[in-house]
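Trainee: Please pick one part of this model and take me through it closely, with the cut-offs spelled out as you go.

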Amino acid sequence: MTLFDELEHIYQDALTRLAAVADSSALEAWYADALGRKGAVTLQTRAVGQLPKEERPAFGQRANEVKQALETAYAARAEAIKQEELLRDLEAGAVDVTLPGRPLAPGHLHLTTQSLRQLYSIFALMGFEVYEAPDVELEAYNFDLLNIPEYHPARDMWDTFWVKGLDAEARLLLRTHTSPGQMRVMRERCPEPIRVILPGKCYRYEQITARAEHQFYQLEGLAVGHTITLTDLIGTATQFARLFYGPDRQMRVRSSYFPFTEPSIEIDTTCTLCGGKGCRICKYTGWIEIAGAGMVHPVVLQNGGYDPAEWSGFAFGFGVERPSLTKYGVNDIRMFYGNDLRFLRQF
Ligand code: PHE
C-alpha cells in the first residue's frame, strides 16, 4: 500500500468511527486518535519525507484536504452530540406535570382568632358591627372620660403599662380594657344610634400566672338608642351564651360595680367543664364569670356626645381566652401566647 492509499484508508476509517461516536467523551477520544498530535492523520502527514520529492506536494495537499474534511465532520458531529445530550438532560430532568403536588403545611388560625370569628358571627346575627379602636390609647379615653378620674380608687382595678409620650398633657398607655373604644365610637357616630362590638388586645401590668396574662383579648359591646334597657342587655347576653355554649346553658346576673356603668352587673354561666356540679375550674361554685356589663353611665353618654335624658345604652366586656379555657379545659392561660405548636395544633 502506498502512503497515498494509507492516507485514504485512515480517512475512511476515521469517518466510519466518527459516525459511531455517541457522546462527547468518545468524541474527544476520537479527535485525539485522528487529528491529535499523535493522531493517525498527523503521523501519516509526517511520513511525507519517505516520498520522492516530486510526489510530496500532492501528498501534502491531499493530507491537508483530509485534515480539513475531518475537522469539518468533527465539528458537525460535535454539534449533533451537543444537541442530543441537551435533549437527554432535558428528558431526565423533566417535570411530570401530571404528578400530584407535595402537600404544603399551611398552618391554621390561632385558637383566639377562631374564637373571635365565632363571636363576630354570633353578634352579627344580632345586628352588631365590628369596630376597631387603637391599642395605644390616651389616658383620657381609657380612664377619665369613662368616669375614672385620676384620684378614683377604681384605677386600682387596672394596673397600667404607660407609654412614654412627648406630651405631658396627653399621656399615653396600652389600653387596659376595650372600653375606651366606647368613647371613640360614640364621638364618631353621635347622634346616630349605635350597635357595635369592639374586639382587641388589652394589657395589664400584672404578675403572669396560670389564670392571668399581661396581654389578652376582650370583646366589648355597646348599644346606644332611645329605648334601651337592662332587659335588652340580659337578653343579648343570654342569646350569646346559647349560641356560643349551647342551648341548655343557664345564665346568672350578679350586681357589680364599674365606674362607667350604672347599674353594673356581672354575667355568669354554668361551668362548661362540670356543667354546674362544681369543679376546680369554677372553684366549686358551678358558675363561671363571662362578662362585666351594665347600663352606660350618664356621664359617659354625655362625654360621648349623647344627652342622657334622651339616650340610654348598655355595654359589656368579656375575655376572649377565658371561654376557650373552660370550653376546652385548658388549665393554663399562658398556653395561648407561648407559641408551643404542640398546644396550638390541637385546635
Ligand atoms: N371594661 C371592663 C373590664 O375590663 C368590663 C366592662 C365592659 C364592664 C363594659 C362594663 C361594661 O373589666
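Mentor: Happy to! Let's start with an open sheet of 3 strands, ordered β2-β4-β3 with antiparallel pairing. At its edges stand β2 (136–138) and β3 (162–163), each with a single partner strand, so one side of each has no neighbour in the sheet. Strands here are DSSP runs of E with at least two residues, helices are runs of H or I with at least four, and both are numbered from the N terminus. Two strands pair if DSSP finds at least two bridges between them; β2 and β4 are joined by 3. One of the residues involved is glutamate 137, whose bridge partner in β4 is leucine 173.

A word on the source: this is a predicted model, in which local features need pLDDT of at least 70 and side-chain atom pairs count only at pLDDT 80 or more, while totals for chains, interfaces and linings use all residues. Residues are numbered from 1 along each chain as its sequence is written, and side-chain values use heavy atoms, leaving out hydrogens and water.

Now follow the chain to the loop between β4 (172–174) and α7 (180–189), where histidine 177 sits. Histidine 177 is buried, at 2% relative accessible area (buried is under 20%, exposed over 50%, partly exposed in between; 1.4 Å probe, protein chains only). A polar atom of its side chain lies 3.1 Å from the backbone oxygen of asparagine 142. Beyond its neighbours within four places in sequence, histidine 177 also has contacts (heavy atoms within 4.5 Å) that include Leu146, Trp158, Cys202 and Phe260.

Terms used: A polar contact is a pair of N or O atoms within 3.5 Å; within protein, one must be able to donate a hydrogen and the other to accept it, and residues adjacent in sequence count only if both atoms are side-chain atoms.
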